[in-house]
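Here is the note I promised on this model.

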Amino acid sequence: MTTPPHPHPPGPPPGCPAHPGPSTPPTGLPPLHGPGFAADPDATYAWLRTAGPAHFVELAPGVEAVLVTGYDAALEVLRSPYFSKDARRWTALAQGRIRADNEVVPMMGWRPSLWFADGEAHLRLRASVDLALSRINPHRLRAHVQHTATELIDGFASEGSTDLVARYADPLPAMVLARLLGCPSPLGARMATACRQMIDAEPAVAQEGGQNLAACLAELVAAKRSAPGADITSWLLEHPSGLSDTETVHQLVVLIGAGSVPQSSWISTATMMLLADDRFAVDLTGGTLTVADALNEVLWRHSPLANFSFLYATQPYPLRDPRGRFLIPTGVPVLISHAAANTDPTRPAHPEQRVANHSHLAFGAGRHACPARGISGVIAETAIELLLDRLPDMQLSVPGSALSWRPGPFHRALAALPVHFTPAPAAPAHPPTADGGPTWKPNPASPSSTPPVPTDRRKPRTSAPGGRRRRWSFPVAFRRGR
């Protein structure tokens, strides 16, 4: 057998045709944690594929799970009625063999939210979230992202260098989310810190983050229950399904979890690709690729949610593909490796094949697919376009190969993105609208009240402030609808 590309070789791969019955975990499982995995997860995924469509892995020390790496197998599991999202089926956690304060439990432990619900319960909770998100006006959202991005860029533009993760990609989604949820600024800052803590590799920090986020959201829901506004929190509370305060808190946990670290990763990784990949720089200058194309490429190559979509087999479930067979047992978390599935050798491999191809699994699939895909795209695309407009000669301060990634099994996120550029002045101030520039439309009752999204935006982007011509010049600014 080929030696696996990680420091702790696993035992024989489970679930091959010669192993009858449910697959059982071997000793020395491939780890999805630690600096080695963070530095080169693709090597681990490549080895796992040789064993079949799925394999036992270690998410954290002592935490076993099944990781599905094949694209077709991932779709099969995500769409199958024989899998449940209810994390109370996690046998090791229920029996106390995994402590409640383990670092992965804040992300995987059961909550009364749409993420962990099945059947009618899921439909009820999903309906409330879908309706709330449908009330967000994409044009107002774009304007708000531009305002937030301008504020952040003004904080470092005169310095000539910065870390784009710490000072731009991390805070921007949190600030936008705080506005969408109706949070006052101090509460929004506390929530952003809690989200970062929840994915930390240290168990105590992750546990503290989960507790802090719950406390922040409880405060927010209580405030909106007594004084509702035009925001997502209030709309969830108003929904005819009659969500309790506890249910509302946990719907918000899902939205924040999906809209903070993954959004930050998407922005920073796409910016890194635009700066480090000569193919993008040349093609963008020639006008054949766009920021949207770079964002789509990231979803194929570096899925921000690398390994996620927890499920549990309701009965032993056989996965088969040309490489072999794996019988998924009950009671064990099953994770979809969006990263491995999207880079499956059976999928489009050449970048030109992926430009207009949106069949990646970065946003999941099936009944639990991400409900905020369009909103996320608006935020990421606007954030990067404005950054490149303001700092057109921006360059990486270190080679792309020297960049490091955050450890952990769930996200693929840069630890830092150091850049340098010609110092630039602050952007001209623009007075706010009379109502503070709302990001939402006030009347969701009629579909006709939703302003249409333009389908033709082929006007060239304007040059950077002060008349400097940016090298990121392209005629097609949006291709999401292709």
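The points below go through the basis of the model, its sheet, its hairpin, its aromatic contacts and a few helices.

1. Basis. This is a predicted model, in which local features need pLDDT of at least 70 and side-chain atom pairs count only at pLDDT 80 or more, while totals for chains, interfaces and linings use all residues. Residues are numbered from 1 along each chain as its sequence is written, and side-chain values use heavy atoms, with hydrogens and water left out.

2. Five strands make an open sheet in the order 1-2-8-5-3, with mixed pairing. Helices (H or I, at least four residues) and strands (E, at least two) are DSSP runs, numbered from the N terminus, and two strands pair if DSSP finds at least two bridges between them. Strand 1 (54-60) and strand 3 are at the edges with a single partner strand each, so one side of each has no neighbour in the sheet. Strand 2 (residues 63-68) pairs with strand 8 (residues 334-337) in the parallel sense over three bridges, and V66 stands opposite V334 in strand 8.

3. Helices on the sheet. Helix 2 (residues 41-49) packs on the sheet and touches strand 1, strand 2, strand 5 (307-313) and strand 8; contact means heavy atoms within 4.5 Å. The direction of helix 2 makes about 145° with that of strand 1. Axes here are lines fitted to C-alpha atoms, for helices over the stretch in contact, and angles run from 0 to 180 degrees between N-to-C directions. Helix 3 also packs on the sheet, touching strand 2, strand 3, strand 5 and strand 8, with its direction at about 135° to that of strand 8.

4. The hairpin. Strand 6 and strand 7 form a hairpin with two residues between them. These strands run antiparallel and are joined by five bridges; in strand 7, L327 is the bridge partner of P318. Four of the five residues of strand 7 (residues 324-328) are buried, where buried means under 20% relative accessible area, exposed over 50% and partly exposed in between (1.4 Å probe, protein chains only).

5. Aromatic pairs. How many aromatic pairs does the structure hold? There are eleven, counting rings of Phe, Tyr and Trp (its six-membered ring) with centres within 6.5 Å; planes under 30 degrees apart are stacked, over 60 edge-to-face and the rest tilted. The F37 and Y45 rings are edge-to-face, because their centres are 5.9 Å apart and their planes at 80°. F37 is buried at 7% relative accessibility, and Y45 is buried at 2%. Y82 and Y317 form a tilted pair, 6.4 Å centre to centre with 35° between the planes. Y82 lies in the loop between helix 3 (71-79) and strand 3 (83-84) and Y317 in strand 6 (residues 317-321), so this pair ties together parts 235 residues apart in sequence. Y82 is partly exposed at 42%, whereas Y317 is buried at 12%.

6. Cluster and charges. One aromatic cluster is formed by W115, F308, F310 and F410. The charged end of K85 sits over the W115 ring, 3.5 Å from its centre, and R412 lies over the face of W405 at 3.8 Å from the ring centre. The criterion is NZ of Lys or CZ of Arg within 6 Å of the ring centre and within 35 degrees of the ring normal.

7. Other helices. In helix 9 (residues 171-181), nine of the eleven residues are buried, including L172, V176 and L180. G182 follows helix 9, with a positive phi near 85°.
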